[in-house]
Amino acid sequence: MSSALELRRGTYRDSVSLMQVSRSVSAVDGVTKALVAMATELNVGLLAGMGFETPDGAGPNDLIVAIRAEDEDALNRAKAVLETSLELSTGGGGGIGSAGGVPPRTIRTAAASGADATLALISVPGPHAFAEAVDALEAGLDVLIFSDNVPVEQEIRLKDMGRERGLLVMGPDCGTALVGGVGLGFANTVRGGPIGIVAASGTGSQELMCLLHAAGSGVSHCLGVGGRDLSEAVGARSTLQALAMLDADPNTELIVVVSKPPADAVAAEVERYAATLGTPVQLAFLGQGRDDLTAAATKALAAIGHAGVEDRVWLPESPRTPRTGALRGLFCGGTLCDEAMIIAADRLGTVASNIPLRPEWALPADLRAAGHLMIDFGDDGLTAGRPHPMIDPSLRLERLAEELADPTAAVLLLDVVLGHGAHADPAADLAAVLRTAGPDAPVVLISLCGTDLDPQDLEAQARTLADAGAEVHLSNAEAARRAVAIVEGLDA
């Protein structure tokens, strides 16, 4: 084995960029472990877990590079990929106010440089996000906070501060937005259109936008507000502002609010406020007895006089014979996991999870349980100090291999999310694992969230997965229903 450890003092990259750099380095043939991250307390702990000594004086403004490889050749290849990836992550040095020179080092200096930017995207470790967001708001900028692990008290203060200034705070933990046709965070490429979206859900908004696109319609804007905005504590502060902004947009004919199950009182307040607006508003809140995202997309399309959603399906040449057993869901998207659990629990009963529908259905720390279960690999507890599974799917791939060999599993249900920011070829990694399955392996169903305009090539991704033995659906809800039907023995 060969290894390398380096501390680059005063070198900063945002967490989104470092997720992608880590993924690129980890993917080098012969690399067994890699960590490219800021030297925060959490990441220093991960470094120790890899067996490395912590460099003297390492702090959160320093960059750690740690690589273990099978031999020197693999290590050298990894170093070359590292340098290329870090260079690409800087955007070529042409940031706001740089004029081809050194870009500004702070939000305040960037805003003072005379640039015409109106929005700041903040992607720093959670403990530092508040100060950066305050600087952005004081500079007169709307803010998208990609960072997670920001205390709810700070979220409330930022949103109140933004409202006082007439500025929108999207997030914290806002993974997806589409503003004026520009995708931010994890974003699919969709055509413009008359439907505006307010989203307290990242992959939920991606699924909705992709379904609208597939039906031939499009989106004016998608304003993310963060997953806690419709909680009782936050009280829809950003949702109400975003509704007002879309109501004032002449290109938006219908507004859809998409969210995981909200607090009841907050949902009622959003509904009351929506009724006062001139633009029609459709509430797409997931939950028992409520519309799934495919049904919500169909309703939105009908409201603008457009034909509804049709689920596309790519079938394997040799489908596996269904067997009795449990349903196991392995998801990257939390809202897609929620949607599938709601559908499954309605027919199958208890579905254990790390994001359970009921507290008593919570999985233990090892994420193992008999019977039906679904895991959100993008949950904060599984992404601390490591890339999101939409970038680095290694944890899910390991679990997939286990479930394929489990004789108690009847159906495996997974999501694959395409778009900018996501893995460049997620189907290839999944297909490699799927091809190791024996003839008696569980049936595999995959929901594919993406569009024909995404860089990964939707059609090619679907075909790769189907060729590896999976049944692929464009609709996550329909994939979940199909999985339930197979488990119940109603659909072979």
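Overall fold and the setting of Ser85

Buried residues, meaning those under 20% relative accessible area with a 1.4 Å probe and protein chains only (exposed is over 50%, partly exposed in between), make up 54% of the 492 residues in the protein. This is a predicted model, in which local features need pLDDT of at least 70 and side-chain atom pairs count only at pLDDT 80 or more, while totals for chains, interfaces and linings use all residues. Residues are numbered from 1 along each chain as its sequence is written, and side-chain values use heavy atoms, with hydrogens and water left out.

The protein contains 16 helices and 19 strands, taken as DSSP runs numbered from the N terminus (helices H or I, at least four residues; strands E, at least two). Its C-alpha atoms fill a box of roughly 65 × 65 × 40 Å along the principal axes.

Contacts are heavy atoms within 4.5 Å. Of the contacts with a separation of 6 or more, 73% join residues 24 or more positions apart.

One residue can be followed locally. Ser85 lies in helix H3, residues 72–89. Ser85 is buried, because its relative accessible area is 12%. Leaving aside residues up to four places away in sequence, Ser85 touches Val21 and Ser24.
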